[in-house]
Amino acid sequence: MSYMKEFTKGLVKENPTLVSLLGMCPTLAITITVQNALGMGAAATFVLLCSNIAISLLKKIIPSQVRLPAYIVIIAGFVTFVGMILQAFLPDIYDALGIYLPLITVNCIILGRAEMFASKNGVGASALDGLGMGLGFTLAMLAVSSVREIIGNGSWFGIKLAPDFIQPMTIFIMPAGGFFVLGCVIALVNRISDRNAPVRTGCAACPNKDGCAGCGTDSDVKEAK
Amino acid sequence: MTGFKPALILAAITAIVSALIIITYDLTYKDTSGVLTDKQAAAVTAIYGGTADDYTVVPAEKWRPVLETAEDSELSRVVKVIKKNDGSIAFEVVVKGYKEGYDLMVGIKDGAVYGVSVVSVGEETPKLGTKTADPSFLDRFKGISDKAVIVKREPSAEGEVQAVASATRSSNGVAKAVNIALGAYDRLKDIAVISADLIPEEDTALATGGGTQ
């Protein structure tokens, strides 16, 4: 597989947020303003890049019995590092991200990529995969937060768009609006990429199939249905 | 022995990560307990005017023991007492608005609220709870000397303040900070730190200490 493909697959085709539906919690919680979404995206992308590189380098050392705790420790280390650096040098972004910054540790995109990709591929491919997935996550949050901030607050990136006499629809920056906008963005992406619901839900159509190889077979899935 | 190997490797990875974190912590940590940060300075000058140089932080050992012995445990939410060189006092209070961590500065002069400003909105909901950080709301607390009460209609009695629409819990948080500051002022007003003495004791102690040497 070419290196370029490792990078671009995260942007649309296997977008972690809009296709794999991972990392829903930060996507819904932080997308109230575009600025927060970009801050969160940048922090998560950095952690994803670093953890993918580190886990790819250590994949032969980490025994499979303890791989998940080992991944979490490595990811938590990078998150703590980012938190300390932001607090020291960019306190405004640190304040804006609040509790969601330490929660990057348990962002399933990062653990998902560690388990599905970095633990099975080389350093270069893992780095590009992390960067692409991080950018895909950021782009998805950018799309959701743009809609929510424009409709819900009458501004974009803090720039006021709507005149004062138009009352913004506050529902869009509340949790219900988050679910609504996220659903619309997912529908739109499915429409653009011309993806139809698979006739039979099996492993072949699943974007995460690489990760669950060995956990269950195709027939198990069918029986469970 | 092979049964222990995965556990040992996990322990080694944890130890290495912890060591790196400790190094980062040492490199980036700044002790701000005794100094005025930029945000605190901005908040306190918004109340009393002047520049950051006009203010000093009252050392915690002078006021914390008094507040800790008070029966009202909420008083321990006061995190910093700041004094202007003309004797004005401001309290930094961290309260729970919609969420824990709403950081406010309350200036109390002659037993009444002189002004309220925000150090950090913490995790109040952007565009909703953060509306309570607007001066047009904070100014409604000016002059309250007894107890601030949040009401949802036009205020009709002394001490009543109308909540910001759709941000009642954040509004309650601001009122709580004001009440805590008023309570803390009540307990501390007789203590030398807050009353007349304008020069912090350390400075005098240092000056005399320097003289004897």
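Two strands are taken to pair if DSSP finds at least two bridges between them; helices (H or I, at least four residues) and strands (E, at least two) are DSSP runs, numbered from the N terminus. The views below show a predicted model, in which local features need pLDDT of at least 70, side-chain atom pairs count only at pLDDT 80 or more, and totals for chains, interfaces and linings use all residues. Residues are numbered from 1 along each chain as its sequence is written, chains are lettered from A and ligands numbered from 1 in the order in which they are written, and side-chain values use heavy atoms, with hydrogens and water left out.

**View 1. Strands S2 and S3 of chain B pair in the antiparallel sense.** Strand S2 (residues 78-84) and strand S3 (residues 89-96) of chain B are joined over 5 bridges. Glu92(B), in S3(B), is the bridge partner of Lys80(B).

**View 2. Chain B contains an open sheet of 5 strands.** The strand order is S1-S2-S3-S4-S5, and the pairing is antiparallel. Strand S1 (55-58) and strand S5 (112-120) of chain B form the edges, each pairing on one side only. On average, neighbouring strands of this sheet are turned by 30° against each other, direction ignored. For such angles, axes are lines fitted to C-alpha atoms, for helices over the stretch in contact, and values run from 0 to 180 degrees between N-to-C directions.

**View 3. Helices H2 and H5 of chain B lie across strands of the sheet.** Contact here means heavy atoms within 4.5 Å. Helix H2 (residues 38-48) of chain B lies across S1, S2, S3, strand S4 (100-109) and S5, running at about 155° to S5(B). Helix H5 (residues 168-188) of chain B lies across S2, S3, S4 and S5, and runs at about 135° to S3(B).

**View 4. A nonpolar patch lies on the surface of chain A.** Among its members are Leu38(A), Val147(A), Trp156(A), Phe157(A) and Met169(A), and the patch has about 840 Å² of accessible area in total. Accessible areas come from the Shrake-Rupley method with a 1.4 Å probe; for residues, only the protein chains shown count as cover. Helix H7 (residues 123-153) of chain A supplies the largest share, 3 residues. Val147(A) lies in this helix and has a relative accessible area of 32%.

Key: Patches are made of residues with over 30% relative accessible area and no salt bridge: like charges are joined within 9 Å, nonpolar side chains (Val, Leu, Ile, Met, Phe, Trp, Tyr) within 5 Å. A salt bridge is a side-chain nitrogen of Lys or Arg within 4 Å of a carboxyl oxygen of Asp or Glu. Buried means under 20% relative accessible area, exposed over 50%, partly exposed in between (1.4 Å probe, protein chains only).
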